[in-house]
Amino acid sequence: QVRLVESGGSSVQPGESLRLSCSTLGGGLSLGYYAIGWFRQAPGKEREGVSCITSTDGRGGLGRPRYADSVKGRFTISRDLAKNSVYLAMDSLKPEDSGVYYCVADDSYSANIRCPLTEGGYTLDNWGKGTLVTISS
């Protein structure tokens, strides 16, 4: 089972940018085989889907991205198959983007046709421990 680790979180000012990374812990299967989701959780709030991308390793997903309305035009999800990583580039950050960001993977057929932006769409329970993003002036 793939084990995930997030990195890249930091404390920045509004309007600045960050790039988060999601990679495997201890090697393992290619992340290209999985749909990958990015979620975030602010203090006192439920975890919410931010972005996701379907697989690219011949499972029909073609690497299609999806974004929550709140981040469209500001966040970009991408893959680097050579580095076995998925990135979330975040521009024009706002205080409401603050929270712990998690990545999660799923290899189901449905997730790789249209990747889920809800937790229930990820059934392998392989959430990383998260990386903290703080946006404040």
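The radius of gyration here is taken over C-alpha atoms, and the globule rule is 2.2 Å times the number of residues to the power 0.38. The model discussed below is predicted.

Q: What makes the radius of gyration of the chain agree with that of a compact globule?
A: For 137 residues the rule gives a radius near 14 Å, and the chain has 14 Å, so the two agree. Along its principal axes the C-alpha trace spans about 45 × 30 × 25 Å.

Q: What share of the residues in the chain is buried?
A: Buried means under 20% relative accessible area. Buried residues make up 45% of the 137 residues. The accessible surface of the chain comes to about 6700 Å², and 49% of that belongs to carbon and sulfur atoms.

Q: Why is S92 called partly exposed?
A: The class lies between the buried limit of under 20% and the exposed limit of over 50%. S92 has a relative accessibility of 42%, and therefore counts as partly exposed. S92 sits in the loop between β8 (85–90) and β9 (99–106).

Q: Why is D125 called exposed?
A: Exposed requires over 50% relative accessible area. D125 has 63%, so D125 is exposed. The loop that holds D125 runs between α1 (109–113) and β10 (131–135).

Q: How many helices and strands does the chain have, and in what pattern?
A: The chain has 1 helix and 10 strands. Along the sequence they follow the pattern β-β-β-β-β-β-β-β-β-α-β.

Q: What makes β2 and β6 edge strands of the open sheet?
A: The sheet has 6 strands in the order β2-β10-β9-β4-β5-β6, with mixed pairing. Strands β2 (11–12) and β6 (65–67) each pair on one side only, and they are its edge strands.

Q: How do you know that β4 and β5 pair?
A: Two strands pair if at least two bridges are found between them. Strand β4 (residues 35–41) is joined to strand β5 (residues 48–53) by 5 bridges, and the two run antiparallel. With that number set against the cut-off, β4 and β5 therefore pair. F39 stands opposite G49 in β5.

Q: What share of the contacts between residues at least 6 apart in sequence joins residues at least 24 apart?
A: The share is 64%.

Notes: Residues numbered from 1 in each chain as written. Predicted model: local features only at pLDDT ≥ 70, side-chain atom pairs only at ≥ 80, totals over all residues. Heavy atoms only, no water. Helix = DSSP H or I, 4+ residues; strand = E, 2+ residues; numbered from the N terminus. Buried < 20%, exposed > 50% of the residue type's maximum accessible area, 1.4 Å probe, protein only. Contact = heavy atoms within 4.5 Å. Areas by Shrake-Rupley, 256 points an atom, 1.4 Å probe, with all protein chains shown as cover.
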